Amino acid sequence: MLDPAAYLAAIRDNARVLVDAAEAAGLDARVPTCPDWDVAELLAHIGRVHRWAASNTTRSPDAGYAAPDVEIPPPRGRAAWVRVGAAELVAALERPADDPAWTWMAPSTIGFWQRRQAHETAMHRVDAESATGAPQPIDAALAADGIDEWFEIVGNTPWRAPPTGEGESLHFHCTDVEGEWVVRLVPTGVEVERVHAKGDV
């Protein structure tokens with residue numbers, strides 16, 4: 001994991017670039033990395049997610065799931081709306097990482113949302129830039145942490161069953177920064193080890 005300040009900076013910086021790219025591409029531009037979306041729909045998604053995440057920072061860990069209840073503005077107002085929502089999210093997350101908050105998986109802390117929203121925003125920044133035809137890479141340390149986070153999340157999303165298998169394994173190894181994982185698909189879901197070992201793939 002990265003330092004909380006790094007996650008907050010990632011949200012701020014990637015949200016700014018995301019909106020700049022969206023404005024450059026135009027609301028009707030298609031998003032190649034999300035083929036069902038145009039830029040207006042991408043802005044609706046990230047603005048909605050940011051506000052939902054911010055609302056969960058003040059909810060008790062045992063509060064239970066609450067569906068996003070966010071009014072999405074017309075397309076022409078979405079760029080400014082996303083800028084405001086990102087700033088509100090960062091403000092909501094400027095708390096100690098171990099403060100309690102509702103999440104859908106452990107740890108039920110502010111730190112979960114700091115990390116999750118840093119990766120959410122960075123990935124959708126790439127989506128927005130793909131609509132301009134010039135996507136830029138995610139910072140290597142943040143990208144490696146995003147891979148690590150994804151392996152934690154993939155078997156712990158309550159809205160879908162985890163992938164399963166009979167012990168098949170995959171070995172992932174970063175080539176530019178630290179990061180190495182062996183992922184096994186077992187009958188109960190996904191097992192992850194941060195080790196150097198051979199995998200089937």
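Start at Arg 184, whose bridge partner in β3 is Glu 191. The model is predicted: local features need pLDDT of at least 70, side-chain atom pairs count only at pLDDT 80 or more, and totals for chains, interfaces and linings use all residues. Residues are numbered from 1 along each chain as its sequence is written, and side-chain values use heavy atoms, with hydrogens and water left out.

**The sheet**

Stay with Arg 184 and look toward β1. Ser 169 has Arg 184 as its bridge partner in β2. Helices (H or I, at least four residues) and strands (E, at least two) are DSSP runs, numbered from the N terminus.

Now select the whole sheet. It is open, has three strands in the order β1-β2-β3, and pairs antiparallel. The edges are β1 (168-173) and β3 (189-193), each with a single partner strand, so one side of each has no neighbour in the sheet. On average, neighbouring strands are turned by 20° against each other, direction ignored. That angle uses axes fitted as lines to C-alpha atoms, for helices over the stretch in contact; angles run from 0 to 180 degrees between N-to-C directions. Strands of a sheet pair through backbone hydrogen bonds, either parallel or antiparallel.

Next, take the strands in pairs. Two strands count as paired if DSSP finds at least two bridges between them. β1 and β2 (residues 180-186) run antiparallel over six bridges.

Color by accessibility. Five of the seven residues of β2 are buried, so β2 is largely enclosed by the rest of the structure. Buried means under 20% relative accessible area, exposed over 50%, and partly exposed in between (1.4 Å probe, protein chains only).

**The turns**

Follow the chain from β1 to β2. This hairpin has six residues between the strands, and Gly 179 there takes a positive phi near 160°. The hairpin of β2 and β3 has two residues between the strands.

Then jump to Pro 107, in the loop between α3 (78-93) and α4. The peptide bond from Ala 106 to Pro 107 is cis, with omega near -5°. For context, most residues other than glycine have a negative phi, and most peptide bonds are trans.

**The pockets**

A pocket is found on a 1 Å grid over the protein atoms alone: an open set of points where a 1.4 Å probe fits, with protein on both sides within 12 Å along at least five of seven lines; lining residues have an atom within 4 Å of a point.

The largest pocket holds about 410 Å³ of space. Volume here is the space filled by probe spheres set on the points, which are joined across faces, edges and corners. Select Val 49, Trp 52, Trp 104, Glu 120 and Trp 159: of the 16 lining residues, these lie nearest the centre of the largest pocket. α2 (39-56), α4 (110-130) and α5 each give two or more residues to this lining. By class it has nine nonpolar, three polar and four charged residues. Ala, Val, Leu, Ile, Met, Phe, Trp, Tyr, Cys and Pro count as nonpolar, Asp, Glu, Lys and Arg as charged, and the others, Gly among them, as polar.

The second largest pocket has a volume of about 250 Å³. Select Arg 116, His 119, Glu 120, Met 123 and Glu 149, which lie nearest its centre among 15 lining residues. α4 gives the most to this lining, with seven residues. Seven of the lining residues are nonpolar, four polar and four charged.

**Last stops**

Select Ala 143, in helix α5 (residues 140-153). Ala 143 is partly exposed, at 28% relative accessible area. Its C-alpha atom is separated by 9.5 Å from that of Val 177, 34 residues apart along the chain.

Finish on the cysteines. Cys 34 is buried at 16% relative accessibility, and Cys 174 is buried at 14%. With a disulfide defined as a pair of cysteine sulfur atoms within 2.5 Å, the count is zero.
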